[in-house]
Amino acid sequence: RGNRRYTNPLIESYSVKTDGVDDRIVVADGANVTVGSDDWTLEFWYRGTGAEPSTASALSAFAGKYSRSGNQREFALVWAQAANRFETYASPDGSAFSQSNNALASNAEANVFFNGSPRHICIQRSGTEIATFIDGEKLANTLTFAGAIFDGTAPFMIGARASGASYEDPVAGMFDEIRFTKGVARYPTAMFTPEPKPYPRS
């Protein structure tokens, strides 16, 4: 659940606003969100509330198909408040997982990132590399991941992550132009320029 927002949307007429409490976008588990060993691209536009996210767990789950409960980890992007960093996860078996960490320099820099300006956020697998991009810039640390990502039962979520039949680590902000592409690494492996407009239908 989330609120369709037409006051100051990110792209065109509407965006989805999440409150950081119980809002999230959910897609049920199934073949459309199971990636295996294929290339894939997950991307969206996000605008923060004007301050760094703060949750009881100090973690804010932006996107993924990942539940620590019952060892249903697949892939995810999380903001870790205490470390001022984005953490990208991928698991081969639902239990063990690989992780890349990309830190911002300080609390001040984190607050600038979440200051309400639109940001394009992308996670992409190309071959054995899983990279995270912010505004088209590839972050320094990537995952090297060979083989298939675990095929679990957790739902795919934007704005939170699954926790068994419930959820945890919700994010407040606005989301728009969410696109998950299976089988294609859409962007160059170094840098690209995201355009703040609807994606083409291809």
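Throughout these legends, buried means under 20% relative accessible area, exposed over 50%, and partly exposed in between (1.4 Å probe, protein chains only). The model is predicted: local features need pLDDT of at least 70, side-chain atom pairs count only at pLDDT 80 or more, and totals for chains, interfaces and linings use all residues. Residues are numbered from 1 along each chain as its sequence is written, and side-chain values use heavy atoms, with hydrogens and water left out.

**View 1. The largest nonpolar core.** A nonpolar core is a set of buried Ala, Val, Leu, Ile, Met, Phe, Trp, Tyr and Cys residues joined through side-chain atoms within 4.5 Å. Among the 29 residues of the largest one, those touching the most other members are Leu42, Phe44, Tyr46, Phe62, Phe86, Ile121 and Ile149. Elements that give two or more residues to this core include strand 4 (40-47), strand 5 (59-67), helix 1 (107-113) and strand 9 (119-126); helices (H or I, at least four residues) and strands (E, at least two) are DSSP runs, numbered from the N terminus. Strand 4 supplies the largest share, 4 residues.

**View 2. Surroundings of Leu42.** Neighbours within four places in sequence aside, Leu42 is in contact (heavy atoms within 4.5 Å) with Ala63, Phe75, Ile121, Cys122, Ile123, Phe156, Ile158, Arg179 and Phe180. Another core, of 7 residues, lies apart from the largest one and has Leu59, Ala76, Ala80 and Tyr89 among its members.

View 3. Lys65 belongs to strand 5 and Asp29 to the loop between strand 3 (25-27) and strand 4, 36 residues apart, so distant parts of the chain are linked. Lys65 is buried, with a relative accessible area of 0%, whereas Asp29 is partly exposed at 35% relative accessibility.

**View 4. Salt bridge between Arg119 and Asp135.** The closest N and O atoms of this salt bridge are 3.4 Å apart. Because Arg119 lies in strand 9 and Asp135 in the loop between strand 10 and strand 11 (137-138), the pair ties together parts that are 16 residues apart in sequence. Arg119 is buried, with a relative accessible area of 16%; Asp135, at 29% relative accessibility, is partly exposed.

**View 5. A salt-bridge network.** Salt bridges link Arg68, Arg161, Glu168 and Asp169 in a network.

Note on methods:
Salt bridge = Lys/Arg side-chain N within 4 Å of Asp/Glu carboxyl O.
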